[in-house]
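Here is a short briefing on the structure shown below. Look it over first, then read the points by topic.

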Number of protein chains: 2
Amino acid sequence: MKIKKARKLIIDIFLKYKLPKNHAKICADALINAELVGSPSHGLTRVISYCNRIKKKVINPKPKIKIKKISTSITSIDADNAVGFIGAEVGINCAIKNAKKSGIGLVAVKNSGHFGLSGYYAEKAAINGFISFCFTNAPPAIAPHGAKKTLLGTNPICFAAPTESKVPFVLDTSISMINRGKIRRAAKLGKKIPFGVALDKKGNPTTDPNIALKGLQLPIAGFKGSGLAWMVDILAGVLTGGNHGGKVKDPFDDFTGPQNVGHLFIVFNPNLFVKDYKKRIKENIKRFKKIT
Amino acid sequence: MKIKKARKLIIDIFLKYKLPKNHAKICADALINAELVGSPSHGLTRVISYCNRIKKKVINPKPKIKIKKISTSITSIDADNAVGFIGAEVGINCAIKNAKKSGIGLVAVKNSGHFGLSGYYAEKAAINGFISFCFTNAPPAIAPHGAKKTLLGTNPICFAAPTESKVPFVLDTSISMINRGKIRRAAKLGKKIPFGVALDKKGNPTTDPNIALKGLQLPIAGFKGSGLAWMVDILAGVLTGGNHGGKVKDPFDDFTGPQNVGHLFIVFNPNLFVKDYKKRIKENIKRFKKIT
């Protein structure tokens, strides 16, 4: 009941900000999902940032989304600076459709924005019976290995696979030691962040979220995480036509223009090469569960 | 000149082990490449392990490789227990061919073996002008997060992208703190391994490579690396028809049967969604170089 109320509240807010009803619903569902899966950093707390961007005219509440079919498998989408949820929803649905027809779907989205949790979209593909990768880039937060200046986003790697049960395998991991939303939340709540996840501007470790936000976040595993985040920047930014190389604008502080975040979705049928995928993944998970 | 000599030597060894000449050359080129890019752990030191497996009849020196075309984009390959280099070479070439025709190539290889460096294959795609992912799984070396028993391989994530120059962007990173080959090499040379990369059987840290080889390697970034390695096991093992979930046999010690390693190659054209990819990647790299 509370969920229904929260959903209606968010829809009403977005309607006030001139979103069409179907778009307002898409946004509300994504935000509610973040709360339900235990990621409040990507949940209701974000509503205000989307609204602020609409008010400052750097998010387009009434986008004309252009869908350009390149082949049965491949589609290019221009989200016309819609709220990120809209570009991502159109993108993943299109990739699923392509995969249904041809076995594989490859879909790029440009001129989009922050779309919340990648896992939400990957899970949609898995529920439809498909393997998926979702890539998106983010504003500079991490310094590339060897640098003291931020350039890379927390650029998550996200993968999902259907299982034999209703619960799919979903991996959605930022390439930073902790996600930026958690640091923002700590700042809001006046809490400290763990040691070893961020540095101040000069490169000294800090546990103060406000100093961390102005400084650098650390990538996972040093040069390895730095490389993985760079890979995601190429996939989601360079390839799609989105911003890249440190040019994605911060959704909270930078109103000088649209974010132009890019997304890349790769979706394919798990039974292309084997006949008994469900049996195989069931066995795979069983072996993990046995020892953990 | 020394390289030519080494190449001829390796070819001659593999010919003695009954490989056809073209296959012997493919193996030699991959092994020499590992030395030249600074990965001796995947270079000449490995020759003996492949030969031992041929001698023990768990690698097939005269494989009949089956190539099953599923669509213009998708191909399934059964490598018939060839040396891993052969299955991988056929796989990446097929993926490149499919991508040339349809924009994207998705190729799975099963009944293959250890194929050396993933980056070698990803680089081939990049040199041909394509983006690529190469996934392969490996024998158990890493404990899943929360377990004290190995199950996951060092399962690399490998991605390459063409650049404006002759040097492509290649990311080839194992999901372990250090790669297993490096631990084997340290054992051979009587050297220690760094602290924090491996545990003994009981879960205590160790710097002794021999104890580490019998114990557990640690994944990068704790549960994040554990999840990434699991993702690779699903992609390269569950999906392809290869072994998975801890069943890939160790190439050095386990002669009870073929390894049945799986590989998955995803290759696509970088100019599907933008017209000026080379210009964009040049700009991207420039921004990184400016601050590092």
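**Symmetry of the two chains**

A:Ala221 is the residue of chain A that comes closest to the rotation axis, at 2.9 Å (C-alpha). The model is predicted: local features need pLDDT of at least 70, side-chain atom pairs count only at pLDDT 80 or more, and totals for chains, interfaces and linings use all residues. Residues are numbered from 1 along each chain as its sequence is written, and chains are lettered from A and ligands numbered from 1 in the order in which they are written.

- Two copies of a chain are related by a rotation about an axis and a shift along it.
- Chain A superposes on chain B by a rotation of 180 degrees with 0.0 Å of shift along the axis, at an RMSD of 0.0 Å. That is the relation of a two-fold axis.
- The superposition is by least squares on the C-alpha atoms of residues with pLDDT of at least 70 in both copies.

**The contact between chains**

- Chain A gives 51 residues to the contact, and chain B gives 51 residues. Two residues are in contact if their C-beta atoms, placed from the backbone, lie within 7 Å.
- On chain A, the elements that each supply at least two residues to the side touching chain B include strand S3 (104–112), helix H8 (223–238) and helix H9 (277–291). Helices (H or I, at least four residues) and strands (E, at least two) are DSSP runs, numbered from the N terminus.
- That side of chain A has 30 nonpolar, 16 polar and five charged residues. Here Ala, Val, Leu, Ile, Met, Phe, Trp, Tyr, Cys and Pro count as nonpolar, Asp, Glu, Lys and Arg as charged, and the others, Gly among them, as polar.

**Core and burial**

- The largest nonpolar core has 185 residues. A nonpolar core is a set of buried Ala, Val, Leu, Ile, Met, Phe, Trp, Tyr and Cys residues joined through C-beta atoms within 7 Å.
- A residue is buried if 20 or more other C-beta atoms lie within 10 Å of its own, exposed if 12 or fewer, and partly exposed in between; C-beta atoms are placed from the backbone.
- A:Cys27, A:Val267, B:Cys27 and B:Val267 have the most contacts inside that core.
- Beyond its neighbours within four places in sequence, A:Cys27 is in contact with A:Ile10, A:Phe14, A:Leu19, A:Val83 and A:Phe85.
- Helix H5 (residues 118–127) of chain B has nine of its 10 residues buried, so it is largely enclosed by the rest of the structure.
- The cover over the buried residues of H5(B) includes helix H2 (21–36), strand S4 (131–136) and strand S9 (261–268) of chain B.

**Backbone and loops**

- Most residues other than glycine have a negative phi.
- B:Asp80 has a positive phi, near 55 degrees. B:Asp80 sits in the loop between strand S2 (74–78) and helix H4 (84–102) of chain B. It counts as partly exposed, with 17 C-beta neighbours inside 10 Å.
- B:Ala221 also has a positive phi, near 55 degrees. Its loop joins strand S8 (216–217) and helix H8 (223–238) of chain B. B:Ala221 is buried, with 24 other C-beta atoms within 10 Å.
- B:Gly129, which follows H5(B), has a positive phi, near 95 degrees.
- A:Lys202 lies in the loop between strand S7 (198–199) and helix H7 (209–214) of chain A. A:Lys202 counts as exposed, with 9 C-beta neighbours inside 10 Å.
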